[in-house]
Amino acid sequence: MQVGAVYTYFPNKFSVMLGGQMLVMIGGTLTLGAYLFRQHGFWAALSLRYGFYLVWHILWAGGIGAIQYVLS
Amino acid sequence: MNSQAVTKQSVVSLPTVAGWLIVLAGLMGLQQILPLTVNQGQQSSWLMVPVVGGLAWLGLVLSGNTGFTPLWAAGVSNWQRFGRPFLLGLSLGAVMVLSELVNPLGAELQTPFPDSLIVFGQAGLVEEVIFHLFLTTGLVWLGSNVLLKGRHQTPVF
């Protein structure tokens, strides 16, 4: 579903490599999250998700934005 | 877990679900009043709050019936509940950052900081409630308890 969304919103960027990255990202968080949910409860799955988002969507995206700001 | 224990666990979890909804509503309120830059698909509707609350409640009830560890299980330490999963999440994020160095996805796939704090604060809770708390437990309940009528319920892990 989310790979489909990336393809829909960014058709010019879509590639096999990007699809692989999305599968690792989405599959990794979903599979590992399901395992942690089973073993240690829902808080564990939620903590995994927020740890991932902190690095990927917040710190890294913020870094990209800061670099673009400095270069522009 | 027997039905009495499931009911008790669901009641114990109610304040937690209420807390999630308050956080979610607060973040959505900020999204409404602040001039955020969001990608397509990141706009949110107030309808999401009761929907997420309902799905979370249903998921908690179903998780008790399908062998998932309860939200506040006594035998789970805070390190297992919060610390280790968070570190694993940081590691997965680092893997994605390294992969982007090989194949840059570009900034347009990301929401700029600090807007990302609000957008992904909401998204994390909403996605986890939908994908894990509701869909995963719902599918396991449907397959194991309804279709297989409780047979073959030997835990695999």
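A residue is called buried if 20 or more other C-beta atoms lie within 10 Å of its own, exposed if 12 or fewer, and partly exposed in between, with C-beta atoms placed from the backbone. Keep that in mind for the whole tour.

One thing before you click: this is a predicted model, in which local features need pLDDT of at least 70 and side-chain atom pairs count only at pLDDT 80 or more, while totals for chains, interfaces and linings use all residues. Residues are numbered from 1 along each chain as its sequence is written, and chains are lettered from A, with ligands numbered from 1, in the order in which they are written.

**Stop 1: a serine in helix 1 of chain B**

Select B:S13, which sits in helix 1 of chain B. Is B:S13 buried or exposed? B:S13 counts as buried because it has 21 C-beta neighbours inside 10 Å. Leaving out residues up to four places away in sequence, B:S13 touches B:L60 and B:L71; two residues are in contact if their C-beta atoms, placed from the backbone, lie within 7 Å.

**Stop 2**

Zoom out and colour by secondary structure. Helices (H or I, at least four residues) and strands (E, at least two) are DSSP runs, numbered from the N terminus. Chain A shows three helices and zero strands, and buried residues are 40% of its 72 residues. Chain B has four helices and zero strands; of its 157 residues, 29% are buried. Take the contacts in chain B between residues at least 6 apart in sequence: 89% of them join residues at least 24 apart.

**Stop 3: helix 2 of chain B**

Go to residues of helix 2 in chain B. This helix has 18 residues and reaches 25 Å from its first C-alpha to its last, close to the 26 Å expected at 1.5 Å a residue (the expected span is 1.5 Å times one less than the number of residues). Its buried residues are B:V52, B:A56, B:G59, B:L60, B:L62, B:S63 and B:G64. Following helix 2 of chain B you'll find B:G67, whose phi is positive, near 90°.

**Stop 4**

Next, pick helix 3 of chain B. With 25 residues, it reaches 36 Å from first C-alpha to last, close to the 36 Å expected at 1.5 Å a residue. Buried here are B:R81, B:P85, B:F86, B:L88, B:G89, B:L92, B:G93 and B:M96.

Move on to the loop between helix 3 and helix 4 of chain B, where B:P104 is placed. B:P104 is exposed, with 12 other C-beta atoms within 10 Å. The C-alpha atoms of B:P104 and B:L125, 21 residues apart along the chain, are separated by 27 Å. B:P114 lies in that loop between helix 3 and helix 4 too. Show its backbone: a cis peptide bond joins B:F113 and B:P114, with omega about 10°.

**Stop 5: where the chains meet**

Show both chains together. How many residues of chain B are in contact with chain A? There are 43 of them, touching 43 residues of chain A. On the chain B side, the elements giving two or more residues are helix 3 (78-102) and helix 4 (115-147). Helix 3 of chain B gives the largest share, 15 residues. By class, that side has 25 nonpolar, 15 polar and three charged residues; Ala, Val, Leu, Ile, Met, Phe, Trp, Tyr, Cys and Pro count as nonpolar, Asp, Glu, Lys and Arg as charged, and the others, Gly among them, as polar.

**Stop 6: the core**

Of its 36 residues, A:F42, A:A45, A:L48 and B:V129 touch the most other members. Helix 3 of chain A gives the most to this core, with 13 residues.

How values were computed. A nonpolar core is a set of buried Ala, Val, Leu, Ile, Met, Phe, Trp, Tyr and Cys residues joined through C-beta atoms within 7 Å.
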